[in-house]
Protein chains: 4
Amino acid sequence: MSADGIREIGVGMLGYAFMGKAHSNGFRKIGYMTWPPPLRPKLVAIAGRDEAAVSEAADRYGFERWTTSWEDIIADPAIELFDNLGPNALHAEPTILAAEAGKHVVCEKPLGRTADESFEIWQRVAATGVKHLCAFNYRFVPAVRLAREMIEAGELGEIRHFRGRYLQDWGDDPSLDTWRFHPSEAGSGALGDLGAHVIDLARFLVGDISTVSALVHTFLPGRQVDDAIEAAVEFEVGAIGTIEATRLALGHRNAFQWEINGSKGSLMFDMERLNELQVFRNDGDRARGFKTVLVSETNHPWWEYWWPPGHIVGWGETFVHELHHFLAAIANDTDVAPYGATFEDGYRAAEVCDAIVRSSASGKREAISYR
Amino acid sequence: MSADGIREIGVGMLGYAFMGKAHSNGFRKIGYMTWPPPLRPKLVAIAGRDEAAVSEAADRYGFERWTTSWEDIIADPAIELFDNLGPNALHAEPTILAAEAGKHVVCEKPLGRTADESFEIWQRVAATGVKHLCAFNYRFVPAVRLAREMIEAGELGEIRHFRGRYLQDWGDDPSLDTWRFHPSEAGSGALGDLGAHVIDLARFLVGDISTVSALVHTFLPGRQVDDAIEAAVEFEVGAIGTIEATRLALGHRNAFQWEINGSKGSLMFDMERLNELQVFRNDGDRARGFKTVLVSETNHPWWEYWWPPGHIVGWGETFVHELHHFLAAIANDTDVAPYGATFEDGYRAAEVCDAIVRSSASGKREAISYR
Amino acid sequence: MSADGIREIGVGMLGYAFMGKAHSNGFRKIGYMTWPPPLRPKLVAIAGRDEAAVSEAADRYGFERWTTSWEDIIADPAIELFDNLGPNALHAEPTILAAEAGKHVVCEKPLGRTADESFEIWQRVAATGVKHLCAFNYRFVPAVRLAREMIEAGELGEIRHFRGRYLQDWGDDPSLDTWRFHPSEAGSGALGDLGAHVIDLARFLVGDISTVSALVHTFLPGRQVDDAIEAAVEFEVGAIGTIEATRLALGHRNAFQWEINGSKGSLMFDMERLNELQVFRNDGDRARGFKTVLVSETNHPWWEYWWPPGHIVGWGETFVHELHHFLAAIANDTDVAPYGATFEDGYRAAEVCDAIVRSSASGKREAISYR
Amino acid sequence: MSADGIREIGVGMLGYAFMGKAHSNGFRKIGYMTWPPPLRPKLVAIAGRDEAAVSEAADRYGFERWTTSWEDIIADPAIELFDNLGPNALHAEPTILAAEAGKHVVCEKPLGRTADESFEIWQRVAATGVKHLCAFNYRFVPAVRLAREMIEAGELGEIRHFRGRYLQDWGDDPSLDTWRFHPSEAGSGALGDLGAHVIDLARFLVGDISTVSALVHTFLPGRQVDDAIEAAVEFEVGAIGTIEATRLALGHRNAFQWEINGSKGSLMFDMERLNELQVFRNDGDRARGFKTVLVSETNHPWWEYWWPPGHIVGWGETFVHELHHFLAAIANDTDVAPYGATFEDGYRAAEVCDAIVRSSASGKREAISYR
């Protein structure tokens, strides 16, 4: 505990690239933007395969030490929270072992490469009693959380439609090569990378999906993972809609767009304008239309931590909110669910991903069942 | 022929409600907005079931006479063009008989209530040699035609995705009753009314659809036609995407939205802003983004007939363009296809509609085959 | 009177170009779109300088005869309404003489080339007792009228700001030559052409302007009229704001944009999306923002005459609404004001235009006083 | 110097509220987001009037110590950079003394309460030879910098128009009381708070302003500073336009909007969508319109420090960029100008503010002259 009575928590991280930067920034900002923080993150150690890169990352982000062996992280008793940002193939083993070593665990999405692997991770980790979070960070966009709160409060009425699509365009280059294009490391392409986000928000906002009628497609010759998926879906609550993800939608860099129609109103969202929520209320006003709500009011989610209304936040802040939520769950021994995604949510998203693959292969509408 | 050498063409119409107003306005404006007109429409007679209403419509729109018997229209030798705007159940017989009486025929969409009926109409009419147009008027939105021209010119490259959805919200009222809710008259609900438009533009812009994996759903208790459809689709050219239509998307009055992604660029459109086309070109410009193109330049489709650039047109003008195209085809004996929809296009859209119904029932991806 | 009891009114027109097309289309559509029409326009005669052009216009728009002498129009007893669309220099004499001949008169804006000339036209015409309309057609955009109704009903509270700008970009071509660039014919450039529209809507929505602090500027070498004006303005009700007009705003074709802020709410508008009104209500809703209102509901201005909600209208329809309003005033002997602009409004706008010119020359804030 | 060879710089701060949070966040993030940082900020001491508040701020943001006496900061040799975020009345003395003590100085805008005071600060500080920055942070929005680069490269041609307005709405509450409403502490209201930002970007993007024709107005009874200003302005390069600022534009939280029209293209911007720049190029493309450019490409300003394209940044990051720029100027002994605002820029903005006040009082167009 520091002088001001705020307890510290030792953090160990696996991975230092894009997600390493995003999570490190999240942990660092919690300490002063969310005041007082539930716990003060202490960046103890970071692990990665490339010695030069991981040592620079440690210096850059302020970790006390670095290692090329993730087992070192797990063995370190000063680390109470293990944050796994490695390639998808490296999610299962380190995460499970860390939990079994008594550390709270965060794991990037998708949880596993398949529903089977995800189930295994969830079950093994849940059995240990530690807190677990699958880093579906888009639940922590203020506009998305506001949408959830409005739906929970019944402001949309009965939900009829969800249409979600995650459109990016960086995939249209045959010379690209990252672990994201290797099935053994990534499991899938746009499906697990982008589609899983759509599935998670669909579940977060509308509830579980009951069936999918889907297509999984690879456009670029020689590419070994999917470039795009399309699905018509049914929800357990009776809503119907679509789930789409692609890396080949030229002009869209990070357009995770969704729309929900209910019997009392509708909501629309686009991640490229993540501070805005479009809200329609069927309230009989002669001036009828969607409101462009800038989600930055003092009574909006997480806004107490930021700036005066209208001074927008960036994509990076979603990690501040997410990791803050997880630290609060640890500090107060409260549930990560339902506002944070647990490993159960990671598993459930994986079941939908698997069903999309099955449906594409079978040509049939596939029902989703959970173990 | 009138004094100025512009030949007249006698027009007979069946139907006087929403579409009667739209088509009458179209015919009347052709005579002076598109100058010189290919033919000058002469409104000879209008038919409808309700004597008071049809007589008022004749007075209002300037028809020389009215009748409660559509057979009168067909029997009148002064009528060279028969425009069928009746309920869907009244499409087949009058249209076929008019064509067999040597009249050129326009029929509102959907052509028939099923693919079988549509095929029959097409075949019988095609056999007579008259010109035929299935009134998919959205091909005649300037922005849609500009999109088609850009795609034809190769400006989008290879097409990867089409996402089309037609969102309206007037259906959420259980007390509503029009012929559109009676299966015998309408055939289907949102599917034939809205979905058929999406299918036609998908075909117009991307090409024929090869498979559908679809859901057809009715939300309102007691409603006898579908409220909404969802489909994941494959195109013959290899593109994949979605087709959606609903009458229960609160906040959207006439939001026929579509997006196309190709290997060189993308296009987006929304009928509620029908004068605009969003255009993305992957041209390496550091200023990278979608252009909001106001389709009103002197070198844009049909703009020679209208106002200076920036002075937008309305939804009603699509009928001016469409009927002008049909009159030009008659005057010059040119093909209605490919820019206008023929009865073959009406039939092909109906095959896709039928496949959507089949897929929803079978739970399988259904291939579309044409006779 | 025709067979259906709708009285006809003989119309004579001076001018056949852009505005001739717009007004002719307006008169023709009134007869069937606004049903039943207050009077049925009968296009008796059209006058213009170029014999070939005016004879073609008569044939095209359906006038019974044409003439190269506007005096013929005024002498014709079958003409009860004189519509003056000539160059600004030709507004005064024909309009006054027509009124003195007992005809109701419409005159395009600006009414005169100066406040003096406008005052003379107004006074001479008002003295005759005929109905008079200065064709500020933008009062007849449904969204503009809805704005006026909301303000009148107090929905905005006390008005603090009006910001209006009319941005076009066709002026950036030194080779262009039309009467609009000749001071003797046009009086002014962007000021009378575009600025007058801004001034009229400012007056229509907020009330009379009390002072202007202005700049009038010509950018293109050799151009004899102004290209742009800028003004900081005060209103009699205490609001302050800006009035701007330019023909050199590249990228804007017809962007007549205005915003009004009151103590209870705000409104925003852009003529390039003329079917939309942006509405902000300070009502305490947690979902706070501007609504994009598609002004096409059955309870919106003039919408009873058009299509189902969401099926938008075009720029040309403003003339249908405006001329319908004038015909109704004639038919029922009701006032053209306050929803239509009278010649008094034309004169008052001219006083503001003159004050802008004075302020630019004097370098002083100029008060506007009315005779 | 730390182990990695990155030199540290001791920072002392005056003020701990809104701006204290923004600048502290800026300094903290420079150390790991902009890698390698030009200097590594070491937060040495923070000063403020309220002991409880300033001590908490020190703990929260990680300052080594705190004080209620700004003189302590200036006396501390470990502090090489003094960052003045106090009320406007506290800008002059501490800033000047800090510079005279050899510290580099940052001062929030407006630099002084008047042009005289601003000139004094600039002259006294410039004489010392330290680096100085007036914290007009909006120069450091990526879209604003991209705009500057495009204009410098001639992509807009000759500039004709600048229209800038800063619209907020929090001022419409008579019960509000902060130092911002006290003339002795703030100098002015919307003028210095918001108008100064508009003036600075006008100068940054178009160049110096030569005349203003302005209104300064207070709407709320009893309020002692202005609520809003309006000005028609001329630029030295020949452009004309408007500058507006208000705290009473309901519905706008932080809408700092500007538009620039040149002879080759136009740009538009809105701070509420600060990741976007609207770009129009008059390049003859048939698809003519403004592009919505998401300023987040790898070749866009500062984007090397952030996320993949499309993952937007927030308002707070402007301070990261700004303070990074200042640290680089210190580290490399390069000029703060022209991309950063120096105290000369602070003074020049103040001259325009003073001219606006003079013009409002005199009723005359006021020329701006610099000492």
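These legends describe close-up views of a predicted model. Residues are numbered from 1 along each chain as its sequence is written, chains are lettered from A in the order in which they are written, and side-chain values use heavy atoms, without hydrogens and water. Local features need pLDDT of at least 70 and side-chain atom pairs pLDDT 80 or more, while totals for chains, interfaces and linings use all residues.

**View 1. The contact between chain A and chain B.** Each chain brings residues to the contact (heavy atoms within 4.5 Å): 49 from chain A and 49 from chain B. The buried area, meaning the accessible area (1.4 Å probe) that two parts lose on being put together, summed over both, is about 3,700 Å², and carbon and sulfur atoms give 54% of it. On the chain A side, A:Leu215, A:Leu250 and A:Arg365 lose the most area to chain B, together 18% of what that side buries.

**View 2. A salt bridge between B:Arg163 and A:Glu244.** The closest N and O atoms of this pair are 3.4 Å apart. Chain A and chain B have 6 salt bridges between them, each a side-chain nitrogen of Lys or Arg within 4 Å of a carboxyl oxygen of Asp or Glu.

**View 3. The surroundings of C:Asp83.** Leaving aside neighbours within four places in sequence, C:Asp83 is in contact with residues including C:Met13, C:Phe27 and C:Val106.
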